[in-house]
Every structure is written in C-alpha cells, then in structure tokens.
Amino acid sequence: MSLGPHLLLALLEGTVGALTLALTALGLSLVFGVMRIVNVAHGEFFMLGAVVTWYVSTTTGSYLLALLAAPLIAGAGAVLADRLVLRRIGYDPESTIVATIGLLYILQQAVLTTYGPYARPVAPPIYFRVGFPWFGYSGYKLVVAGVAALLLATTWLALGRTRLGLYMRATQQDREIAQAFAVPVNRVYTVAFGVGSALAAVAGALVVPIQQAHYLMGLDALLLSFVVVILGGLGSLRGTLVAALLVGLSDGVVSVLFSPTLAKIVATLMVALVLAIRGRGLFGEAAA
Amino acid sequence: MSDSRPTSSAPKISRRTLLRASGALALGASATGPWVRRAAAQAPPLRLGFQVHRTGIGAAYGRWYDRTTAAAVKLINEKGGIGGRPVEIIAEDDGTDPKRGAEVVEKFASQHKVDFIFGTLFSHVVIASAPRAGELKIPYLVVSEGYHVASGSLNRYVFQPGITDVRAQITAVGGWILKNLGKKVTLIFPDYAFGHDHRDFFSKVAAAQGGTVRALIPIPPTETSFTKYFPRVPADTEVLYHVMVGPGVLTFAREMGEHFGSKRPQIFGFIDSVEAVDIASPGLEFLEGTYFWEAFPRYATPNMPAHVRLYRDRVGINDSGASVTDPKDVSTASHMFGCWETLFVIKQAVEQSGYKKPGSDYKAFIETLEGLQSFPEGIEHPQGPKRFGGRIHQVFGQQVISKVEKRQLQVVHRTAIEDSMYEPEADYTKQPL
C-alpha cells in the first residue's frame with residue numbers, strides 16, 4: 001500500500017482510538033481533579049461497562065438499552081464504592097490508592113467468577129463497510145468515534161454550563177472555600193466518582209462490538225488513561241482531551257506505519273519527557 | 001498411597017461384600033453396574049494429574065479439554081479402567097500461565113502424588129512446565145500441537161502421543177496450499193513459540209516447493225485490534241496464511257474482512273483461529289469461501305464411521321460441533337480429541353508395561369511407550385490412524401482441509417499420514433532415565 005492511503009488508515013485508526021481513550025481518561029481526570037484521588041480501579045469500570053453491555057444485549061437483544069444500562073450500573077457500583085469505602089477512609093490519597101487496588105481485584109475477580117474467563121462478542125448495532133479505493137474500513141468504528149465525540153462535548157458543556165458542573169469546578173479549585181459557599185462537597189465527590197466511572201463504562205460499552213468483552217480488558221484502558229492524564233496535566237480536563245488526541249493519533253500512526261510496540265514506547269517516552277521537562281503536564285496547574 | 005494398600009486389604013473384603021449385596025439389589029436397574037463397582041472397589045485408582053487451562057487465554061480450550069477428558073475417563077472406567085484400576089482425574093488450573101504451569105506440575109508430583117500428568121495445551125506453558133516434569137522424573141503427556149516435543153528441546157519424560165505437531169500439520173497442508181491456492185504467501189501469526197513454528201516451517205515448505213513468502217507479520221499475543229497490521233500485506237499476495245489464537249480472533253477475522261472486502265487474496269487459516277467460535281457468528285461472513293486446516297472435522301460428515309459418531313455423542317457435541325446442551329457453546333474439535341486419544345495411549349502403555357506405581361515403574365512405562373509404533377483408527381483413536389515416532393515422542397496422523405461453505409466447514413481434502421512425516425531431528429531414547 002502506498003504512503004497516502006497508508007496514512008489515511010493510520011489517521012482513521014488513530015482518531016477512533018483517541019476519542020474512546022479521551023472518554024475513558026476524562027473520567028479518570030474528573031475523579032482526580034475533583035477528589036484529588038487516584039482511582040486505580042478505573043479500568044475495571046471500563047471492563048464492567050463492556051461486560052454489562054454483553055449481558056444486557058444478549059438477554060434483551062437491544063444494544064441501545066445496553067449502552068444506557070452500562071454507565072448506570074457501573075456508576076451505581078462506583079457510588080456504592082464511594083459511600084462504603086472511600087468516604088470511610090476520608091479520601092486520604094495513599095489509603096485510596098490501596099483501597100482502589102482492592103476494588104480493582106474485587107471487580108475483576110467478581111467478573112471472572114460470574115461471567116467467566118471468555119472473550120465474548122457483541123454484534124455491532126449498525127454494521128456497514130466503508131470502502132475506500134485502497135482498503136475498507138469498519139463503519140461502526142466511525143460511528144463509535146462520532147458518539148464518543150458527542151459524549152465528550154456533552155460532558156464539557158455540562159461541566160461549564162450546569163450548576164453541578166459549577167460545584168465540581170469549585171470543589172476542584174478549593175474544597176474548603178467551596179464548602180464555605182455551601183457547595184455540598186461530599187455529594188459532589190460521590191457524583192464525580194459515579195460520573196467518572198460511568199464515562200469509562202460508556203467507553204467500554206462503545207468498544208465492545210469492536211473488541212469483545214473480557215475480564216482483563218481494563219488493564220490497557222487504565223494504563224493508557226494514566227498516560228493521558230499525566231501527559232495532559234493532572235486534573236486538567238482540557239489537557240486530558242488534548243493529550244488523548246495526541247496519544248491516540250500517535251499510537252494509530254506509529255503502529256500502522258511502524259509497529260504497535262514502537263507506538264507504546266513512544267507514548268511512554270512522551271510521558272517521561274513531559275515529566276522531566278514540564279512536571280505538571282501540558283496543561284497542569286502550577287503546584288499549589 | 002503406596003503404604004495404604006496392604007493395611008486396607010482387610011476392610012476392603014467387607015466393602016466388597018457390601019457392594020456385592022448392593023449390586024444385587026441394583027441388578028434389576030443395570031446389568032453392568034455391580035461389575036464396575038466391584039472393579040472400582042478392588043483396586044486403588046490410577047491417578048492422573050490433569051493440567052488444564054481453566055482461566056486465561058486458553059480458557060475455551062480448557063473447558064472442552066475438561067469435557068473430553070471426563071467423557072474418555074467415563075468410557076475407560078465403564079470398560080474396567082486401566083489395568084483393572086479405575087481412573088481418577090485430579091484437575092488443576094494453570095491459568096494458561098507459564099509460571100503457574102510449572103507450579104502445577106510440582107503440586108501434582110509432590111502433593112497429589114499422581115501417576116502421570118497430562119493435558120497441557122498452550123506452548124509457552126508446556127515449555128515452562130516440561131523441564132520441571134523432567135526434574136521430578138514424572139511422565140508428562142501434553143496435548144499441545146507445538147513442535148517443542150518433536151524438536152528434542154524438552155526431555156525424556158515429555159510425550160505427545162495424542163495430537164500431531166505443527167510441523168507435521170504444515171508439512172502436510174503446505175504443498176496443497178501452494179498447488180491449489182497460490183505461490184506468493186503472506187503469513188500472519190502470533191509472536192510466540194506456536195506462531196514461530198508456523199513461520200519457520202511454512203517458510204521451509206515454501207522454499208522447497210517453489211513458493212515465496214512475501215511478508216511475515218507477527219502479532220503480539222495480547223493484541224486486541226488488527227486493522228493496523230493489514231496494510232503490511234503486500235498487494236501481490238496470492239494467499240494470506242493466518243493462524244491467530246486468543247480472545248481477539250473474532251475481531252481479527254472481522255477486521256480482515258473489513259480491510260479486504262471482495263478484493264481479497266485466497267485465505268488459508270488454521271482452525272486455531274476460530275476454535276470455540278461459531279463460523280456463523282456476526283462479522284465472520286467474510287470467511288465464506290476461505291480454507292481451514294482442521295485435525296478433526298468440526299461438522300459431522302455424511303459418511304462418518306460409527307466410532308466417530310460414538311465419540312461425538314460421548315463428548316456431547318452435535319452435528320455442528322457445538323455442545324448438545326448449548327448450541328452456542330462451540331467446541332474445540334480439532335484439539336480436544338487429543339485428550340481422548342492420549343488417555344487411551346496411557347491405558348495401552350500402562351497395560352503393556354505392567355505399570356503399578358510411580359517411581360520405579362516409570363522406566364518400563366516410558367520404554368513401552370517409546371516402543372509403540374502405530375495406533376489403529378477406532379473408538380480409542382477417533383481422529384484417524386496414527387503412527388508413533390518413539391524416538392521423538394511424537395505422533396503422526398492425517399490432516400484435513402476444509403472450506404467454509406454456507407457458513408459451515410466442509411471437508412475438501414484429507415492428507416495421508418506420509419504427507420506429514422519429516423526427518424526426525426532428535427532422539428530422546430538416548431537420554432538417561
């Protein structure tokens with residue numbers, strides 16, 4: 001294949017990857033930004049979204065219903081985890097890391113016990129092949145990219161224009177002052193954790209017709225999300241979006257033109273470079 | 001185990017009498033029942049350690065290895081066990097993980113004190129586990145397909161008597177591919193030992209028979225998306241040769257279809273790519289008209305012999321090769337028969353060698369097994385007749401080429417055993433026991 005079409009395919013792959021990654025990473029970034037905790041179990045909510053999608057779409061036959069159920073169920077699980085675990089340890093940064101590692105294993109093993117160790121396919125709701133003169137491409141992947149972009153825009157608007165968004169931004173800027181201005185900080189924490197996990201679950205639900213649902217699929221999602229969040233600057237939503245596009249596109253282009261292993265090396269190098277030169281990430285706030 | 005035998009002989013007589021009495025009561029219900037039970041009560045069981053991939057990427061295979069093993073053991077025990085002893089299976093999950101694999105072998109030998117270990121499939125697990133079996137000096141019979149046994153790189157305690165190896169499979173079908181599908185071949189294979197066997201041996205076959213390998217595309221075993229690899233298939237490729245395993249295979253086939261559309265080269269795959277996957281799955285339309293290597297035809301063939309029918313019924317698969325209780329649960333037909341045949345080889349070798357207990361009797365067992373030359377087709381070897389290479393501890397058999405027609409696999413060619421034979425590169429019998 002000549003360079004032109006090759007590059008087109010690379011960009012397509014990169015865009016689809018970048019947008020779903022942005023959705024997952026946005027959830028992680030939201031949780032970190034608002035709550036100042038690192039959610040190591042974030043990838044498992046991605047996996048949970050995929051698995052719930054498989055359950056719902058195979059029992060009801062409706063993918064759309066599954067797409068709605070996945071974030072709701074994962075979000076509800078996250079709210080429960082927040083109430084039962086995170087709040088009880090006072091959102092202490094170090095304890096939450098240990099607690100969410102525990103949560104990671106609980107979720108993973110619970111899925112392994114109930115759903116099993118198999119990779120199960122979900123039929124895409126819309127299936128068509130986009131034929132370019134040189135190669136074909138999955139139409140569903142383009143739909144995924146579109147839906148992911150729409151969800152990103154919605155989240156962005158919600159954060160900027162709604163009262164809840166205002167509360168979240170206020171809590172992120174200064175928890176104590178926000179509380180002094182009657183922002184229900186504890187409830188905002190719960191909502192942030194729920195919404196953050198629900199975003200990961202939606203991403204999982206969207207990619208499951210491309211990738212199949214498997215109990216270990218959260219690991220990759222978690223690693224790449226961390227890369228994105230660190231690169232973008234901890235807690236900066238704008239940085240997360242830019243970094244996700246950067247990582248996603250470079251991953252797509254490098255892995256198509258060279259090798260997928262090299263793409264992972266490049267992503268890791270980018271993080272190392274950013275940390276060395278600009279420790280707070282591309283858009284991170286200066287250390288307070 | 002060994003010291004429990006003399007002391008337990010006294011109570012055994014009373015248990016036997018008791019059983020005979022209960023057997024008499026049950027006589028109306030079943031004629032064979034009391035005999036089987038008496039045999040079971042007489043002799044201590046032959047304990048087989050079954051190293052199974054219950055979790056990890058080999059889980060689908062493990063599930064069917066489990067069922068096939070259970071079915072074979074049931075049949076063996078119904079017919080009086082092995083050497084008059086009932087067979088008992090002790091299964092341990094290795095998580096399809098090399099490190100766990102070696103630990104499981106250790107556990108079988110030192111904790112469960114089994115007679116033999118068998119059943120491992122994935123090559124990286126076999127390669128990690130086999131040295132431990134050699135150190136512990138316990139016979140380890142794998143059902144793995146890898147060339148690692150025949151290559152001589154393992155040890156005298158490792159056998160593969162129930163399934164043919166990758167090199168033999170490629171040697172048998174490689175010529176057919178070059179003759180019938182095309183000379184310019186691109187290979188897509190997983191980037192570990194099993195895939196490397198395909199890379200190396202197909203390249204050898206191609207070089208010997210006038211074909212050219214246009215490109216080699218290795219894929220990391222944990223990959224979940226494959227679209228990015230297809231641009232590397234050169235445009236003048238006549239045959240795309242694929243052999244993928246693991247959770248991503250369905251995605252692989254669908255993305256291959258999306259990429260090539262109707263302008264595809266001829267495609268030849270190893271059934272490993274779609275074992276445990278329904279050929280009629282959504283997205284696999286693209287496989288229509290492509291070819292697969294099979295060891296054991298997944299779909300029932302019109303004139304299959306009675307023993308194949310019996311084997312399929314015993315294992316519990318329907319005419320489409322799926323579970324009789326759940327048509328969505330598709331079997332790994334081209335691999336799992338290996339567990340069945342391995343168990344019957346163990347039976348033959350134990351009975352011929354007069355094997356009684358672990359340790360000192362292993363020498364006779366191993367030498368007897370190395371001396372076996374062939375296995376006739378029948379219920380004990382339903383896949384077909386076999387020839388055994390005692391020096392390389394590897395069995396040889398027929399291979400099947402099937403074409404996907406109307407979303408089913410139809411057998412188009414069956415090779416002869418000779419087609420798959422190659423010059424042995426090793427001799428385990430020279431190693432000390």
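Which residues in α10(A) meet A:P260, A:L262, A:A263, A:V266 and A:A267 in α11(A)? They are A:V247, A:S250, A:D251, A:V254 and A:S255, with residues taken to be in contact if their C-beta atoms, placed from the backbone, lie within 7 Å. The model here is a predicted one, where local features need pLDDT of at least 70, side-chain atom pairs count only at pLDDT 80 or more, and totals for chains, interfaces and linings use all residues. Residues are numbered from 1 along each chain as its sequence is written, while chains are lettered from A and ligands numbered from 1 in the order in which they are written.

Back to that helix pair in chain A. Helix α10 spans residues 237-257 and helix α11 residues 260-277; helices are DSSP runs (H or I, at least four residues), numbered from the N terminus. Their axes sit 7 Å apart, at an angle of about 150°. Axes here are lines fitted to C-alpha atoms, for helices over the stretch in contact, and angles run from 0 to 180 degrees between N-to-C directions. That angle is why α10(A) is roughly antiparallel to α11(A), a label for angles over 145 degrees. Sorted by class, their contact has 7 nonpolar, 2 polar and 1 charged residues. Ala, Val, Leu, Ile, Met, Phe, Trp, Tyr, Cys and Pro count as nonpolar, Asp, Glu, Lys and Arg as charged, and the others, Gly among them, as polar.

Another pair in chain A is α1 (residues 3-35) with α8 (residues 185-211). Here the axes come within 8 Å and cross at roughly 170°, so α1(A) is roughly antiparallel to α8(A).

Chain B splits into domain 1 (4-165 + 335-396) and domain 2 (166-326 + 398-420), with bounds from an automatic or database domain assignment. Where the two touch, domain 1 of chain B puts in 28 residues and domain 2 of chain B 24. On the domain 1 side, α4, α6 (123-136) and α11 (333-353) of chain B each give two or more residues, and α4(B) gives the most, with 6. That side holds 14 nonpolar, 10 polar and 4 charged residues.

Between the chains, the contact draws on 22 residues of chain B and 24 of chain A. On the chain B side, α4 (59-78) and α9 (249-260) each supply at least two residues. The largest share, 6 residues, comes from α9(B). By class, the chain B side has 9 nonpolar, 9 polar and 4 charged residues.

Definitions and conventions. Parallel < 35°, antiparallel > 145°, perpendicular 65-115°, else oblique.
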